Amino acid sequence: MQLHVVGGFLGSGKSTAIATACKSLAARKLTAGVITNDQGKYLVDTAFYDMLKIPAVQVTGGCFCCNYDDLNSKLDRLVHTVQPDVVFAEAVGSCADVVATVIKPLHELEKTIGSKATYSVFADTRLCSDWLDGRETPFSEPVMYLYSKQIEEAGLLVLNKRNLVSPEKARLTMEAARSRFPGKSIRLQNSLDLLQVDAWLDELSNQARQGIAPASLQIDYNRYAASLTAIGWLDSRLQISMTSYTDLRQLMVDWVAGLNRELHNHSIGVGHIKIMLKCGHTESRVSLTAGDTAGWRAQIPDMHGKELNLLLNARAETDPALLRELVIRSLEAAVNGKGQVQEKDTEAFTLPYPKPKRRVP
Ligand SMILES: Nc1nc2c(ncn2[C@@H]2O[C@H](COP(=O)(O)OP(=O)(O)OP(=O)(O)O)[C@@H](O)[C@H]2O)c(=O)[nH]1
Ligand SMILES: [Mg+2]
């Protein structure tokens, strides 16, 4: 079995790449499973893999580092229930110091697993290019500290969403990354493209065979903790009940566009706002990330009806109470008095000081 840990900043494309990889492995009659991870309890990522019929188990209520024992037991469960050839463990996008606290402890399981865990770190090429070139980003300096540490510890750095920049910009970003991190394995990727994801899988297989272990980070935990507290987390299960038959696609478009405007007007850096929507038998995931102005529209399917159920995970650099206020205000504006918005379950929070179970320097 191979175990690939996939990390990187919020919204960088981890789940997309894993989903494409699972599709490719299934075509080769190989079984894959996923361990999802988040700070909250209600995970859009788990619902996303469920929708795609990819076996998934989850580690909730904190990152892999702080829940290492749970990661181990979920890995065990996955191995016993689906006997996978490949397991992807998707670390929550706020996690750093993964090599010392997760990868190296996992390497001790090499005999049981059959190979050494790899560690890919994903980065949106657009954000990474701004960071490498010293341009302004949507995030504050404390948050960019976390970002820089994630990239620094990558065993394999994936400059993702290459298809959202020009080939010239992709080439320059690659050059800048190579000169900043000499010796690091770096690849440019469009994770929606099966062939490019196949090439990533080949590289991961090579790394697993060679048993390459990235070096543990030098990281200042006080600065790391400060970056975590700067990000607001909002998880919400929402039900929208309209008084009459409604074009629910248009309602979603109005909501996400309105929310995006509100976030922009408040100069809030968006990590990832992801929504799993269900209307009758229609199910889809809608995703808004930093710099995304229109991509989310195509993810909203045609839906008509009276009831819409939503699972929302929002992560943005702001106070979680304000994030909640903006989400609900923009949703109520989209409903426009023609129905009711019910918050079934809501958790709005910031992250505590990270306390890894183990750390191998
Ligand atoms: N065009 C393009 N879009 C991508 C690519 N990879 C991911 N996306 C889009 O980026 C958004 C976020 O992707 P996810 O795969 O959910 O990102 P993630 O890193 O798993 O996000 P979190 O788990 O919330 O940290 C979605 O809208 C994806 O469709 C890519 O290579 N190209
Ligand atoms: Mg994800």
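Reader: What separation do you get between the centres of domain 1 and domain 2, taken over C-alpha atoms?

Author: The two centres are 26 Å apart. Keep in mind that this is a predicted model. Domain 1 covers 2-227 and domain 2 covers 231-349.

Reader: How do you know that domain 1 and domain 2 are in contact?

Author: Contact here means heavy atoms within 4.5 Å. By that test, 25 residues of domain 1 are in contact with 24 residues of domain 2.

Reader: What makes V143 count as buried?

Author: The cut-off for buried is under 20% relative accessible area. V143 has 0%, so V143 counts as buried. You'll find V143 in helix α7. Leaving out residues up to four places away in sequence, V143 touches F9, S227, A230, I231 and E317.

Reader: And how far is V143 from R171, in sequence and in space?

Author: They're 28 residues apart in sequence, and 26 Å apart in space going C-alpha to C-alpha.

Reader: Why is K53 called exposed?

Author: Exposed means over 50%. K53 has a relative accessible area of 74%, so K53 is exposed. Its place is the loop between α2 (44-51) and β3 (56-59).

Reader: What about the phi of K53?

Author: That one's positive, about 60°, although K53 is not a glycine. As background, most residues other than glycine have a negative phi.

Reader: Where does Q83 lie, and is Q83 buried or exposed?

Author: Q83 lies in the loop between α3 (68-82) and β4 (86-90). With the exposed cut-off at over 50%, the 59% relative accessible area of Q83 means that Q83 is exposed. Phi of Q83 is positive too, near 45°, and Q83 isn't a glycine.

Reader: What does Y224 touch?

Author: Not counting residues up to four places away in sequence, Y224 touches S94, C95, A96, Y145, L146, I219 and P354.

Reader: How do you know that G11, S12 and G13 make polar contacts with ligand 1?

Author: The test is a pair of N or O atoms within 3.5 Å. An oxygen atom of ligand 1 is 3.0 Å from a polar backbone atom of G11. For S12 the distance from a ligand oxygen to a polar backbone atom is 3.1 Å, and for G13 it is 2.9 Å. Each pair passes, so these count as polar contacts.

Reader: How much of ligand 1 does the protein bury?

Author: Ligand 1 taken alone exposes 650 Å², and the protein buries 92% of that. There are 21 residues around ligand 1, and T16, S191, H272, K274 and R285 come nearest.

How values were computed:
Residues numbered from 1 in each chain as written. Chains lettered and ligands numbered in written order. Predicted model: local features only at pLDDT ≥ 70, side-chain atom pairs only at ≥ 80, totals over all residues. Heavy atoms only, no water. Near = heavy atom within 4 Å. Polar contact = N/O pair within 3.5 Å; in protein donor to acceptor, adjacent residues only side chain to side chain. Areas by Shrake-Rupley, 256 points an atom, 1.4 Å probe, with all protein chains shown as cover. Domains from an automatic or database assignment. Helix = DSSP H or I, 4+ residues; strand = E, 2+ residues; numbered from the N terminus. Buried < 20%, exposed > 50% of the residue type's maximum accessible area, 1.4 Å probe, protein only.
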